[in-house]
Amino acid sequence: MNQYVNAGQGLKKVFIAAIGAIVCAVLMIIPVINLIASIGAIVFLVISLLGLNQAGKEIDGCKTAFILTIVNLVVRILAVPFAGSAVLSFIFTLVGTIISFLVTYYVCTSVSAALSTIGAGDVAQKGETVWKLTLVCTVISIVLSILGLIPVIKIFAGVLSVITTIVSLVAQILYLIFVNKSCKAFGA
């Protein structure tokens with residue numbers, strides 16, 4: 001019997017929530033349904049938290065990711081009153097970016113470790129690839145954000161930022177594939 005049944009079911013919620021969040025993000029660009037998409041994004045955040053909490057019952061890194069997701073939500077809420085301050089807004093965005101990476105890191109590394117214990121090393125390797133690719137994108141994004149503050153380099157940083165965004169999108173797709181395959185490996 002699989003010892004990670006809760007983890008599989010929790011990761012399935014995380015997967016569904018991630019897909020839903022992407023759909024909501026796309027729908028937010030349509031003014032008429034912006035509010036509905038925003039409410040949907042909150043619902044999917046709650047589903048993701050429930051999934052991380054459930055997976056965290058069997059995989060400690062998912063519990064850490066659950067806590068970090070809550071911390072990130074608090075950071076994003078605290079950032080709202082400082083939106084008018086370029087420096088404080090930049091700092092809050094930077095902290096949020098780092099926390100988002102850490103959530104991905106803890107999910108990928110801890111789930112990969114659990115997958116290895118049940119003989120699903122091929123899926124586990126995908127998790128290792130995802131967090132490393134996400135790390136590279138996060139570091140480049142942070143460096144480009146800092147360089148973007150320098151007027152002479154701003155255009156160059158903007159072009160590289162577009163490339164980084166595309167690679168980050170690929171990393172997100174690979175993350176979704178990893179989480180989906182992990183669910184299946186755990187029997188969910």
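**Entry 1: a lysine and its patch**

I started with Lys-126, and I found it in helix α5, which covers residues 121-147. A reminder to myself before going on: this is a predicted model. Is Lys-126 buried, exposed or partly exposed? Its relative accessibility is 34%, so I put it down as partly exposed. Next I asked which residues make up the positive surface patch. I noted Lys-12, Lys-126, Lys-181 and Lys-184.

**Entry 2: a nonpolar patch**

Then I looked up a nonpolar patch on the surface. Its members are Ile-19, Ile-22, Val-23, Val-26, Leu-27, Ile-29, Ile-30 and Val-32. Together they have about 710 Å² of accessible area. I checked the place of one of them, Val-26, and it sits in helix α1, residues 5-27.

**Entry 3: aromatic rings**

How many aromatic pairs does a search of the whole structure find? I got five. One of them is Tyr-4 with Phe-186, and I wrote it down as tilted: the centres are 5.1 Å apart and the planes make an angle of 45°. Why does this pair tie together parts that are 182 residues apart in sequence? Tyr-4 lies in the segment before α1, while Phe-186 lies in the segment after α6 (154-185), so the pair joins those two parts. I also looked at how covered the two residues are, and both Tyr-4 and Phe-186 are buried.

My next pair was Tyr-105 and Trp-131. Their ring centres are 4.9 Å apart and their planes stand at 90°, so I called the pair edge-to-face. The angle is what decides this, because planes over 60 degrees apart count as edge-to-face. Tyr-105 is in helix α4 (residues 86-117) and Trp-131 is in helix α5, so this pair ties together parts 26 residues apart in sequence. I looked up the cover for each: Tyr-105 has 27% relative accessibility and is therefore partly exposed, whereas Trp-131 has a relative accessible area of 16% and is buried. Ring pairs also link these two with Phe-101 and Tyr-106 into a cluster.

**Entry 4: distances along the chain and in space**

I then picked some residues and compared sequence spacing with C-alpha distance.

- Leu-135 has its place in helix α5. It is partly exposed, at 33% relative accessible area. From Leu-135 to Ser-168 I count 33 residues in sequence and 9.7 Å in space, C-alpha to C-alpha.
- Ile-39 is in helix α2, residues 34-55. Its relative accessible area is 47%, and I listed it as partly exposed.
- Ser-161 belongs to helix α6. It is partly exposed, with a relative accessible area of 33%. Ser-161 and Val-143 are 18 residues apart in sequence, and their C-alpha atoms are 9.8 Å apart.

**Entry 5: a buried cysteine**

My last stop was Cys-108, which I found in helix α4. What is the relative accessibility of Cys-108? It is 0%, so Cys-108 counts as buried. I also looked up Cys-108 against Ile-70: they are 38 residues apart in sequence and 18 Å apart in space, C-alpha to C-alpha.

Methods: Residues are numbered from 1 along each chain as its sequence is written. This is a predicted model: local features need pLDDT of at least 70, side-chain atom pairs count only at pLDDT 80 or more; totals for chains, interfaces and linings use all residues. Side-chain values use heavy atoms; hydrogens and water are left out. Patches are made of residues with over 30% relative accessible area and no salt bridge: like charges are joined within 9 Å, nonpolar side chains (Val, Leu, Ile, Met, Phe, Trp, Tyr) within 5 Å. Accessible areas come from the Shrake-Rupley method with a 1.4 Å probe; for residues, only the protein chains shown count as cover. A salt bridge is a side-chain nitrogen of Lys or Arg within 4 Å of a carboxyl oxygen of Asp or Glu. Lys and Arg count as positive and Asp and Glu as negative; His and the chain ends are not counted. The place of a charge is taken as NZ of Lys, CZ of Arg, CG of Asp or CD of Glu. Helices (H or I, at least four residues) and strands (E, at least two) are DSSP runs, numbered from the N terminus. Buried means under 20% relative accessible area, exposed over 50%, partly exposed in between (1.4 Å probe, protein chains only). Rings of Phe, Tyr and Trp (its six-membered ring) pair if their centres lie within 6.5 Å; planes under 30 degrees apart count as stacked, over 60 as edge-to-face and the rest as tilted.
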